Structure formats: C-alpha cells, structure tokens
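Reader: I'm new to this one. Can you walk me through how its parts get their labels?

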Protein chains: 2
Amino acid sequence: MDRVLGIDVGGTSIKVGLFTPEGELLEERKIPTPALVDEAAFAQVTEGLGRVLAAHDATPADVVACGLDIPGPVADDGTVGFLPNIQLDPEGLVGALSHYLPQTTTAFVNDANAAALGELWAGSARDVSSFVLLALGTGVGAGVVVGGRLVAGAFGAGGEAGHITVRRDEPRACGCGRHGCLEQYASATGVVRLYLEACESRGVTPVHIEHATDTLSVFGALEQGDECARIAVDQMCDYLALAMSQISCVIDPALYLIGGGVGGAFATFAPRLRERFHELALPTCAGVRIEAASLGNQAAMYGCAYEALRLRG
Amino acid sequence: MDRVLGIDVGGTSIKVGLFTPEGELLEERKIPTPALVDEAAFAQVTEGLGRVLAAHDATPADVVACGLDIPGPVADDGTVGFLPNIQLDPEGLVGALSHYLPQTTTAFVNDANAAALGELWAGSARDVSSFVLLALGTGVGAGVVVGGRLVAGAFGAGGEAGHITVRRDEPRACGCGRHGCLEQYASATGVVRLYLEACESRGVTPVHIEHATDTLSVFGALEQGDECARIAVDQMCDYLALAMSQISCVIDPALYLIGGGVGGAFATFAPRLRERFHELALPTCAGVRIEAASLGNQAAMYGCAYEALRLRG
C-alpha cells in the first residue's frame with residue numbers, strides 16, 4: 001500500500017503527515033527534535049516516522065515519496081539556500097531519510113511554496129492552474145503556481161512577494177535590509193504596528209495588545225468600530241492590493257488565496273481588499289478571484305508531500 | 001517538406017516569415033492589406049502567402065503551423081481580447097487560413113509574448129527556461145517565460161510589465177488610465193519626455209529632438225556628455241530596475257532581455273541598469289543576467305511561428 005509523507009521542518013520539532021497518494025491525511029504527529037545536524041538527530045526523526053507508519057500498519061518500504069518543507073529558499077533544481085531560522089544539514093537529513101525509506105523520492109520545498117501546492121492538491125485551489133497564495137503570518141510568504149506547476153525561481157526567490165516594494169519612502173528597514181516591502185505592512189507584525197501608529201498619531205489609547213503579532217485584538221477592535229483599527233486595516237489592504245496588482249501585471253493569475261494567521265480574519269477585510277484591488281489593478285485582470293486559503297497551517301505539510309509525489313512521476 | 005509561417009499582423013500590412021521547423025528563416029515579406037475584416041481582405045492575405053510559398057517551391061499543404069502575432073491580449077486558452085489599434089476579425093482570419101492551409105495548426109500570440117518566444121527559439125534566450133523580455137518601444141511590452149513556457153495569463157495580461165506601478169504620486173495618467181506605470185518612463189516616449197523635463201527644470205536648451213519617440217537623439221546627447229540626458233537615462237534605469245526587482249520577487253527569472261527601439265541603446269545604459277538593479281533587488285536574485293535581445297523587430301514573427309509549431313505537438 002503506497003504512502004506519502006509530508007514533513008514540516010521546524011527549529012525544535014518536525015510535524016509529520018502521513019497521506020495516501022490521493023491526498024487523504026491519515027495522521028498528523030509532532031516529533032520533538034534537537035537541531036537536525038547529526039546522526040543522533042536524524043535517528044530521532046526516523047524513529048518517530050517508524051511509529052507513525054506502524055500506527056497505520058505501514059512499513060518504510062510502503063513510502064513512495066517524502067516531502068520536507070523548510071522556512072527558506074529552494075531553487076528550481078532543488079538546491080537549499082541560506083536558512084537563517086533553523087539549524088539543518090539538508091544533505092545529511094536527506095541521506096538518512098533515503099537510507100530509511102529505500103523506495104522514496106525525497107524533495108525539499110520552501111514553506112510558502114509548499115502551502116500553495118497543498119491548496120492545489122487538496123484545498124481552495126483544486127483544479128486552478130494559475131494562482132498565488134499569499135501567506136500573511138509573522139512575515140509574508142507566497143507561493144506562485146503557473147500552468148499547474150510551482151514557480152520556485154532560478155535562485156529560489158519565486159514567490160518572495162513579501163518583498164515587493166510598495167512604499168519607496170519608508171524610513172524603517174525590512175528584515176531583508178530594503179525599505180517599504182509588503183511584509184512591513186501586511187504581516188501580523190505589520191498590521192499591529194500600523195494600528196499602534198494610527199492610535200499614537202491620533203492621541204488615542206489602543207485596545208490591549210497581547211504581543212507584537214496579536215492581530216486578533218486589532219481585528220476585534222475593528223469589529224467594535226475602532227477608527228484606528230479601520231485606518232490600519234485599510235492601509236494593509238491598500239498595500240496588499242497594490243502588490244497583487246503588480247503580480248497580475250506579471251503572471252495574471254486566475255485566483256489569489258489569502259492564508260496565514262492574518263488570513264484568519266479574511267472575512268473581515270475581504271470586501272475592502274477586493275475593492276482596493278479593483279481600483280488599483282489593470283482593468284484586464286479585474287476578473288481575478290480573491291478567496292481565503294482553506295488548509296490553514298497544514299497546507300505546507302500537504303504541499304511538500306504532493307511535490308515529492310509529483311517528482312516521482 | 002514541412003514549413004512554418006509566422007505572421008506579424010499590423011493595421012495596414014502583414015509581415016510574413018517562412019521558416020523551417022528548426023527555426024531557420026527562409027524568407028520575410030511584407031504584404032499590404034486593408035482592414036482584416038472581410039473575405040476580400042482575407043483573400044489578399046492568402047494570395048500573398050501563396051507567392052511566398054511558391055518562391056520556395058512549397059505549397060499550402062507543406063505548411064504545418066501558422067502563428068499570428070497581434071498587438072493585444074491573448075488569454076491562456078487562445079482567446080483574443082480587445083484590440084484598440086488594429087481592425088481585425090480574428091475568427092474570420094483563422095477560418096480563411098485554416099481553409100487555405102489544410103494541414104495547419106493556427107495560433108494567435110500577443111506581440112510582446114511572441115517576441116519572447118522568438119528569443120527562446122532562435123535568439124538570446126535559447127536554452128534558458130525562465131526569462132523575461134522587456135520590449136521598450138512606443139509602449140513597454142513584456143513576455144514572461146517560465147519552465148520553457150509562455151505565461152499568457154488567465155485574462156491575457158501576463159507580461160503586462162509596462163503597467164507595473166513604479167511611482168504612485170505621478171500626476172500624469174498612463175494610456176491605461178492609471179498613474180505611474182513603468183511605460184510612462186521606460187518607453188521611447190517616456191525617455192524623450194524625461195529628457196525634455198530635465199532640460200526645462202534646469203533652464204537648459206535641449207538638443208534637437210525629431211519626434212516624440214526620438215530616443216536616438218537623447219542617447220546621442222548622453223554620449224556627448226549632456227547632463228540632462230544623463231539625468232533622464234538614470235531615471236529610466238531607476239524605474240526599470242525597480243520594476244525588474246518586483247518581477248524577480250514573483251517569478252525570479254534567470255535572465256532579463258531588453259529589446260524594442262530603446263533597447264537599441266542597451267550598451268549605453270546597461271551598466272547603470274545593472275547597478276541600479278543590484279541596489280534595488282532582493283540579494284537572493286542578484287545572479288540574474290541582464291542582456292540585450294537579439295532578434296530585433298523579427299522576434300515576434302519568429303515567436304508566433306514557434307508557438308504554433310509547439311501547439312501542434
């Protein structure tokens with residue numbers, strides 16, 4: 001019985017999904033791991049996988065494809081770029097997995113790209129051959145699908161839509177060192193900052209904010225009629241719509257999917273986002289659909305499994 | 001003997017290229033035509049094609065593919081959109097061609113997209129699977145190739161890079177009705193206007209300019225050390241590099257090709273354009289090549305022939 005694994009690779013744990021080749025998720029399990037840089041850590045991964053497989057009467061020989069999604073660039077040829085946020089030896093891990101899973105095609109996929117592929121396989125983008133997933137989380141990632149295939153990019157920067165410049169005169173620097181990137185306004189951090197700035201410039205006391213990415217409180221305030229929350233969310237929608245209008249001038253997708261933590265409030269800001277897109281985009285592209293992603297934080301796990309399965313052919 | 005036709009469809013004439021399936025151009029001929037909207041006009045086209053074929057001992061039955069490039073949007077499914085600049089009945093013309101060339105696959109391709117495909121088939125982008133051709137002419141068109149395939153777009157706006165917004169506070173409206181499109185600065189018209197504005201704001205008498213798209217005189221002045229020409233060309237390079245840096249955040253191509261009339265001066269402005277791109281783009285994409293297109297105004301004729309041949313399979 002053929003099985004497929006999708007593995008979310010994180011800094012302190014991995015999240016494993018066991019799938020059928022048709023995209024049914026049989027089980028999801030979190031396996032705590034040390035830094036994935038030596039044989040002891042790789043062994044902890046394969047032992048964890050063994051337990052997941054055994055729980056479903058499967059053996060390593062049943063696994064035909066194994067995808068790994070990672071928070072960093074992966075180029076068209078599968079090469080893994082610089083990973084600032086996790087400790088990982090990609091070749092070592094793939095070597096250990098290939099040894100443990102002898103029938104398996106293994107592939108790395110960037111996490112936002114993987115999320116897009118997940119939506120293509122089993123989510124909101126099923127049967128849509130060209131779309132862009134915008135994942136609005138701590139940062140802003142994106143996955144670009146054209147002709148049913150992910151665009152990873154010649155240097156792994158395909159879908160780096162969080163770094164589209166939307167405001168050239170921004171004094172603050174983005175994490176990438178440049179100024180005025182979409183991520184500075186449409187990430188969770190960005191929305192909270194826009195809200196606090198709106199309050200400060202108007203001399204208004206903000207609602208209680210738990211932490212730097214607490215957009216729940218901002219969207220909650222918006223629903224209570226908070227004027228500063230309205231201003232902040234309007235600004236976010238303006239910059240997001242501007243970036244989407246640029247993307248449409250390049251690849252003109254049929255669909256945008258909004259995901260990530262901020263995407264959880266999609267119903268609240270969707271009318272404003274759609275309105276702003278229609279004001280800013282080329283009229284030719286006005287028929288594009290703008291919808292919510294549907295697989296939440298499982299999307300990347302689905303998508304890397306799908307990509308490994310696809311590469312197997 | 002298999003032959004392929006590439007036809008540039010213009011307002012008052014068509015330009016026909018007769019090719020081998022390997023991409024060798026056997027002959028190029030211009031055929032004056034009335035508006036392509038009735039049987040009389042279509043007959044003038046097929047008679048002209050007959051003469052081109054006869055000159056190379058070929059008959060209509062030898063033609064296996066015929067591409068038509070047109071100055072307007074063509075969607076992923078081959079549908080022709082609104083054509084403001086020519087009078088053409090697309091279905092009628094295809095019907096007449098299909099009747100005259102019974103073995104032939106016929107396809108419409110947008111002109112900038114066709115130019116990109118031409119460079120892929122027989123020009124500077126041979127063997128490059130992801131690149132963007134930027135055609136800087138009266139307007140700015142572009143053709144986007146990803147995974148060796150043209151990205152026409154869900155609504156035919158793939159490669160509308162001339163309408164990437166590079167300056168939101170531009171008071172002048174672009175032809176599309178929006179403000180601050182790349183085309184307003186990097187087209188031939190744009191470069192001439194930037195030069196005349198630089199002269200006016202500095203109270204300097206400009207060099208003689210023949211017409212609204214006479215960039216030759218501007219680049220000539222630049223080579224003579226004209227300070228206002230330097231300012232104008234720097235501005236053009238700044239906006240062009242900014243738009244390219246946005247494109248790289250979406251599809252991250254391996255190569256940019258600069259073509260069109262303004263592209264004729266590529267050697268003059270290339271150092272500044274490359275420098276500005278490196279200042280503005282994500283460092284991840286810094287390895288992208290920025291080169292001149294090589295097929296000039298034959299590129300689209302090559303490219304539509306290639307696309308029709310490809311669709312034939």
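Author: Let's start with the core. In this predicted model, the largest nonpolar core has 220 residues. Leu133(A), Leu182(A), Ala305(A), Leu133(B), Leu182(B) and Ala305(B) have the most contacts inside it.

Reader: What makes Leu133(A) part of a nonpolar core?

Author: A core residue has to be a buried one of a listed type, Leu among them, joined to others through C-beta atoms within 7 Å. Leu133(A) belongs to the largest such core, so it counts as buried, with 20 or more other C-beta atoms within 10 Å of its own.

Reader: Which residues is Ala305(B) in contact with, leaving aside neighbours within four places in sequence?

Author: Val4(B), Leu5(B), Gly6(B), Gly17(B), Phe19(B), Ala65(B) and Gly67(B). They're called contacts because the C-beta atoms of each pair lie within 7 Å.

Reader: How many residues does each chain bring to the contact between chains A and B?

Author: Chain A gives 35 residues and chain B gives 35 residues. On chain A's side, strand 7 (140–146) and helix 7 (227–250) each give two or more, and helix 7 has the largest share with 7 residues. That side divides into 20 nonpolar, 12 polar and 3 charged residues.

Reader: Where are the domains of chain A?

Author: Domain 1 covers 3–117 + 298–312, and domain 2 covers 127–294. Their centres, taken over C-alpha atoms, are 29 Å apart. Still, 14 residues of domain 1 are in contact with 16 residues of domain 2. Helix 3 of chain A gives the most to domain 1's side, 6 residues.

Notes:
Residues numbered from 1 in each chain as written. Chains lettered and ligands numbered in written order. Predicted model: local features only at pLDDT ≥ 70, side-chain atom pairs only at ≥ 80, totals over all residues. Contact = placed C-beta atoms within 7 Å. Helix = DSSP H or I, 4+ residues; strand = E, 2+ residues; numbered from the N terminus. Nonpolar A, V, L, I, M, F, W, Y, C, P; charged D, E, K, R; others polar. Buried ≥ 20, exposed ≤ 12 C-beta atoms within 10 Å, placed from the backbone. Domains from an automatic or database assignment.
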